[in-house]
Amino acid sequence: MSIISKDIAKAVELLSNEELVAIPTETVYGLAGNIYSEKAITAIFETKQRPKFNPLIVHIPSVAYLEKIVTDIPEKAKLLADAFWPGPITLVLNKKDTIPDLITAGKDTVAVRVPNHPTTLELLERLEFPLAAPSANPFNRISPTKPEHVEDYFKNEIKMVLDGGACTKGIESTIIGFENDQPVLYRHGSTPIEAIEAVVGTLHIKNKNEVAPSAPGMLERHYAPKTKTVLTDDLQKTINDHSGKRIGLLLYNDILNDDLIDFKIVLTQGQNLEEAASKLYDALHQLDKQDLDIIIAERLPDFGLGKSINDRLLRATK
Ligand code: TXA
Ligand code: MG
């Protein structure tokens, strides 16, 4: 029997009994549990096989709820919360003492966001506690953007995937921390840098050496298919270099001459970066099922969501 269900009341009951439920968000599906339940949080780490040093994101129902979770909110954090929540931006702020260390991996800061999905907003309204929810994939694997992706990974480990359809954004939230009250990018994501800078001015961007391990979304290998994957600016040459192999293509632009190709997915017909982002992980899931020797991915334009997609593709190649 399928564990996928639209029954919000059942999700409320399971979560209130310290069990895990996979929940839909606009970015990716999350593996959710009560932030105050040691049993639930321990189960999240064990189910994902995620190292305990990698902290979780707390999901809250509204901007107003933020003050129950954090202290000392910088002015620019308020501006970002008001501009983008509910939506795909996560803010890392000083935690209140009531937030368990298990959530934050012992840090004084906590990552928090209001997800923009009607089902999960209703769920959060009905619960008496916020939800910790990392992406609902085993550590380092491709994130889930459809309920079926979660079911494939975890049908033996969890009782329920709350069905919210396919995720509209398709890439994780952008993570912003604050250093001396100034915003710093910790992870590229579904809110483009340009949109954030329009609200708070120039963002400092941490390189991965500075960041690790404070935001393991920045860990080198991540979001990865099992199939060997390469990222290229020169499709034809890379295809020629691998002739004789079973090749799968992940394309931004359709190409005409593709006789040598066993399987191909074009992410968007009209060079639409939002469409490409929303299809990215499902395309990687599909390609990974084709028993290919190699996945060749075409690099996208390096602006807006193109930057975030390239970031994920690069990590998939490590
Ligand atoms: O879109 C999303 O953000 C999804 C959905 C489910 O909301 N969640 C998600 O969670 O991507 P996860 O656990 O896969 O990624 C959380 C990231 C990790 O890279 C973690 O290191 C970082 O957030 N993070 C959490 N707390 C942090 C903190 N206190 N300081 C710095 N980074 C933190
Ligand atoms: Mg993740």
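**Figure 1. Surface and overall form of the predicted protein model.** The protein exposes about 13600 Å², and carbon and sulfur atoms supply 47% of this area. Accessible areas come from the Shrake-Rupley method with a 1.4 Å probe, and for residues only the protein chains shown count as cover. This is a predicted model, in which local features need pLDDT of at least 70 and side-chain atom pairs count only at pLDDT 80 or more, while totals for chains, interfaces and linings use all residues. Residues are numbered from 1 along each chain as its sequence is written, chains are lettered from A and ligands numbered from 1 in the order in which they are written, and side-chain values use heavy atoms, with hydrogens and water left out. The secondary structure comes to eleven helices and 16 strands; helices (H or I, at least four residues) and strands (E, at least two) are DSSP runs, numbered from the N terminus. The radius of gyration of the protein is 19 Å, close to the 20 Å from the globule rule for 318 residues, so the protein is as compact as a globular protein of that length. This radius is taken over C-alpha atoms, and the rule is 2.2 Å times the number of residues to the power 0.38. Along its principal axes the C-alpha trace spans about 60 × 50 × 30 Å. Of the 318 residues, 57% are buried (buried means under 20% relative accessible area, exposed over 50%, partly exposed in between, with a 1.4 Å probe and protein chains only).

**Figure 2. Strand S11 and the strands it pairs with.** Strand S11 covers residues 182-187; five of its six residues are buried, so S11 is largely enclosed by the rest of the structure. Strand S10 (residues 174-179) pairs with S11 in the antiparallel sense over five bridges; two strands pair if DSSP finds at least two bridges between them. In this pair, Ile-176 stands opposite Leu-185 of S11. S10 and S11 form a hairpin with two residues between them, and Asn-180 in the turn has a positive phi of about 50°. Strand S12 (residues 204-205) runs parallel to S11 and is joined to S11 by two bridges. Here Val-184 stands opposite His-204 in S12.

**Figure 3. Helix H2 and its cover.** Helix H2 spans residues 38-48, and its buried residues are Ala-40, Ile-41, Ile-44, Phe-45, Thr-47 and Lys-48. An α-helix has 3.6 residues a turn, so residues three or four places apart point the same way. The cover over the buried residues of H2 includes strand S3 (30-34), helix H4 (101-104), strand S8 (131-132) and helix H6 (147-154). Just after H2, Gln-49 takes a positive phi of about 55°.

**Figure 4. The loops on either side of helix H3.** Most residues other than glycine have a negative phi, and most peptide bonds are trans. Asp-72 is not a glycine, yet its phi is positive, about 50°. Asp-72 sits in the loop between strand S5 (70-71) and H3, and is exposed, with a relative accessible area of 57%. Pro-86 lies in the loop between helix H3 (75-84) and strand S6 (89-95). A cis peptide bond, with omega about -5°, joins Trp-85 and Pro-86.

**Figure 5. Gln-271 in its loop.** Gln-271 is found between strand S15 (263-266) and helix H10 (273-288). Phi of Gln-271 is positive, near 55°. At 47% relative accessibility, Gln-271 counts as partly exposed.

Definitions and conventions
Contact = heavy atoms within 4.5 Å.
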